[in-house]
Amino acid sequence: MTDDRMQDNHGPAALRTRWQDALVAARAGAEGPDPLPYADNLLARWAEPQREYHTTAHLAAVLDRIDTLAGHAADADAVRLAAWFHDAVYRPDRSENEERSAVLAERALPEAGVPDAVTEEVARLVRLTVTHDPAAGDTNGEVLCDADLAILAAPPKEYAQYAAQVREEYGFVPEEAFREGRAAVLRQLLGLPRLFRTPYGTAEWEPRARQNLLTELELLTG
């Protein structure tokens, strides 16, 4: 796919359509207000100036990966809605982003016509991104967490760009403190028995992701 076609697929108009499709599907035939103002509110959040990595490009990439993994999910549309909300509130200097994002979903989705059970599932999935540790058999959680972490398995150049963007988001942290904190995160990830829980993620993403994490850790601590 060319850069221009990728931009068209990931641009604001395409993302608004993807939101509308997921929201209407989640309504399961029920009536509701125009979906597009909700999309515009979320897209504005994802475009806030403090973001370098957690941008609309990340949102689009997560949605793409959910499409890849959708057959594994019990409710792929709930997972797609969770992707829209999972970093909707994002301040690098705060620790409660996931909780605030989940609360935003709990407030917005019922107003948008989504049934309570789906709203509860979306909020649960958003909160799960604190740990990225879904329980065995939680197929929705496995899909969202794998899609969110799939950047770890990017080609080396793309992974390096991701790592640089994370550093920019934490530009307020002194270099030594950042290196120590980031190294601790990488060691925690490398210590997990599995980074990915879906069969596709395990087969296609796990080996490269571990190599990328090891490389970054060596660069930080070498």
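Begin by selecting Arg91, which counts as partly exposed at 31% relative accessibility. The model is predicted: local features need pLDDT of at least 70, side-chain atom pairs count only at pLDDT 80 or more, and totals for chains, interfaces and linings use all residues. Residues are numbered from 1 along each chain as its sequence is written, and side-chain values use heavy atoms, with hydrogens and water left out.

**Stop 1**

Arg91 and Asp93 form a salt bridge, with their closest N and O atoms 3.4 Å apart. A salt bridge here is a side-chain nitrogen of Lys or Arg within 4 Å of a carboxyl oxygen of Asp or Glu. Side chains of opposite charge can pair when their charged atoms come close. Asp93 is partly exposed, at 46% relative accessibility.

Next, select Asn97, which lies in helix 6. Helices are DSSP runs (H or I, at least four residues), numbered from the N terminus. Asn97 is buried, with a relative accessible area of 6%. Leaving aside residues up to four places away in sequence, Asn97 touches Val89, Tyr90 and Arg91; contact means heavy atoms within 4.5 Å. A polar atom of the Asn97 side chain also lies 3.2 Å from the backbone oxygen of Arg94. This is a polar contact, defined as a pair of N or O atoms within 3.5 Å; within protein, one must be able to donate a hydrogen and the other to accept it, and residues adjacent in sequence count only if both atoms are side-chain atoms.

**Stop 2: helix 3**

Select residues 36-46, which make up helix 3. Which residues of helix 3 are buried? They are Tyr38, Ala39, Leu42, Leu43 and Trp46. Seen down the helix axis, these buried residues fall within an arc of 130°, so they line one face of helix 3; the arc is that of the directions from the helix axis to the C-beta atoms. To see what they pack against, display helix 2 (12-27), helix 4 (56-69), helix 5 (76-86) and helix 6 (97-111).

Now select Ala13, found in helix 2. Ala13 is exposed, with a relative accessible area of 57%. A distance drawn between the C-alpha atoms of Ala13 and Asp40 comes to 9.9 Å, although the two are 27 residues apart along the chain.

**Stop 3**

Select Trp19 and Trp84, both of which are buried. A search of the whole structure finds eight aromatic pairs. Rings of Phe, Tyr and Trp (its six-membered ring) pair if their centres lie within 6.5 Å; planes under 30 degrees apart count as stacked, over 60 as edge-to-face and the rest as tilted. Trp19 and Trp84 form an edge-to-face pair, 5.3 Å centre to centre with 70° between the planes. Trp19 lies in helix 2 and Trp84 in helix 5, so the pair ties together parts that are 65 residues apart in sequence.

The largest nonpolar core has 65 residues, of which Trp19, Trp84, Phe85, Leu109, Val122 and Leu152 touch the most other members. Such a core is a set of buried Ala, Val, Leu, Ile, Met, Phe, Trp, Tyr and Cys residues joined through side-chain atoms within 4.5 Å. Beyond four places in sequence, the contacts of Trp19 include Pro35, Tyr38, Ala39 and Leu42.

**Stop 4: helix 9**

Select Tyr159 and Tyr162, three residues apart in helix 9 (residues 156-169), about one turn of the helix. Both are buried.

**Stop 5**

Select Arg210 and Glu206, whose side chains meet in a salt bridge (2.9 Å, N to O). Both lie in helix 12 (residues 206-221), four residues apart, and both are buried. Finally, select Arg18, Asp64, Asp67, Asp77 and Arg80, which salt bridges with shared partners join into one network. The count of salt bridges comes to 16.

Terms used: Buried < 20%, exposed > 50% of the residue type's maximum accessible area, 1.4 Å probe, protein only. Helix = DSSP H or I, 4+ residues; strand = E, 2+ residues; numbered from the N terminus.
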